[in-house]
Amino acid sequence: MMPRIDRASLMTLEAYARERPQFRARVMAHKKNRTVRLGDHLTLIFEDELTLRYQVQEMLRVERIFEEQGIREELEAYNPLVPDGHNLKATLMLEYPEPEERSRRLEELIGIEDRVWIQVEGHERVWPVADEDLERENERKTSSVHFLRFEVTEAMAGALKNGAGLAIGVAHPRYAAKLEAPPAVRNALVKDLA
């Protein structure tokens, strides 16, 4: 079993206020090898316990949550997003700075969250299970943020651990891109597999 966000790993609001600059710098450096840009407007951040613990700490800080019930609720919301050793989990972000273009593109890109893929060298593509937490699109547009889970077989995990390449892409009729994961990214993601 892979690590989950444990209650004991969270800092109090006061401690987090003191440690936040150093902790944030550590997490941002960690995310560099877990972030993949596909084309000009789609970013995947492959999440793990540390990236999500940071999100929990930020939510507790912003919402000023310090009571146990509220902390438990945040842990219940974020822990399902931590990889379990048999999958990779990612946050997909569609990034269009201009509001008019963003609105138009989100209409054109309905279903994009189901068209992102990973492929371990020598194996079939793996398509994601998207947005298990809630529906993030409607008949008119998609959301700019989606949560993806890629289930990885033991054979795929073994191949990655033995140095096989990892391709990542998106195959939507209105947005297509692919790349070979740089070694630093591939090596970071291998750590998510049991």
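**Close-up views of a predicted model**

View 1. Apart from neighbours within four places in sequence, I118 is in contact with F46, L88, E124, R125, V126, F150, V152, L166, A167 and I168. A second, separate core contains 10 residues, among them I5, L10, L60 and L75. The largest nonpolar core has 35 residues, of which L42, L44, F46, I118, F150 and I168 touch the most other members. In soluble globular proteins, nonpolar side chains tend to be buried together.

**View 2. The crossing of helices α2 and α3.** The axes of α2 (residues 49-63) and α3 (residues 68-78) come within 10 Å and cross at roughly 145°. This crossing is right-handed. Helix α2 contributes L52, Q55, V56, M59 and L60 to the contact, and helix α3 contributes I71, E74 and Y78. Of these contact residues, six are nonpolar, one is polar and one is charged.

**View 3. The ring cluster of Y16, F23 and Y54.** A pair of aromatic rings is described by the distance of the centres and the angle of the planes. Y16 and F23 form an edge-to-face pair, with 6.1 Å from centre to centre and 80° between the planes. Y16 counts as buried because its relative accessibility, 1%, is under 20%. F23 and Y54 form a tilted pair, with 6.1 Å between centres and 50° between planes. Since F23 lies in helix α1 (residues 13-32) and Y54 in helix α2, the pair ties together parts that are 31 residues apart in sequence. Both F23 and Y54 are buried.

**View 4. The buried residues of helix α6.** In α6 (residues 183-190), V185, R186, A188, L189 and V190 are buried. These residues pack against strands β1 (35-38), β2 (42-46), β3 (87-94) and β8 (166-172), and against helix α5 (154-161).

Technical notes:
Residues are numbered from 1 along each chain as its sequence is written. This is a predicted model: local features need pLDDT of at least 70, side-chain atom pairs count only at pLDDT 80 or more; totals for chains, interfaces and linings use all residues. Side-chain values use heavy atoms; hydrogens and water are left out. A nonpolar core is a set of buried Ala, Val, Leu, Ile, Met, Phe, Trp, Tyr and Cys residues joined through side-chain atoms within 4.5 Å. Buried means under 20% relative accessible area, exposed over 50%, partly exposed in between (1.4 Å probe, protein chains only). Contact means heavy atoms within 4.5 Å. Axes are lines fitted to C-alpha atoms, for helices over the stretch in contact, and angles run from 0 to 180 degrees between N-to-C directions. Helices (H or I, at least four residues) and strands (E, at least two) are DSSP runs, numbered from the N terminus. A crossing is left-handed if the near helix is turned anticlockwise from the far one by less than a right angle, and right-handed if clockwise. Ala, Val, Leu, Ile, Met, Phe, Trp, Tyr, Cys and Pro count as nonpolar, Asp, Glu, Lys and Arg as charged, and the others, Gly among them, as polar. Rings of Phe, Tyr and Trp (its six-membered ring) pair if their centres lie within 6.5 Å; planes under 30 degrees apart count as stacked, over 60 as edge-to-face and the rest as tilted.
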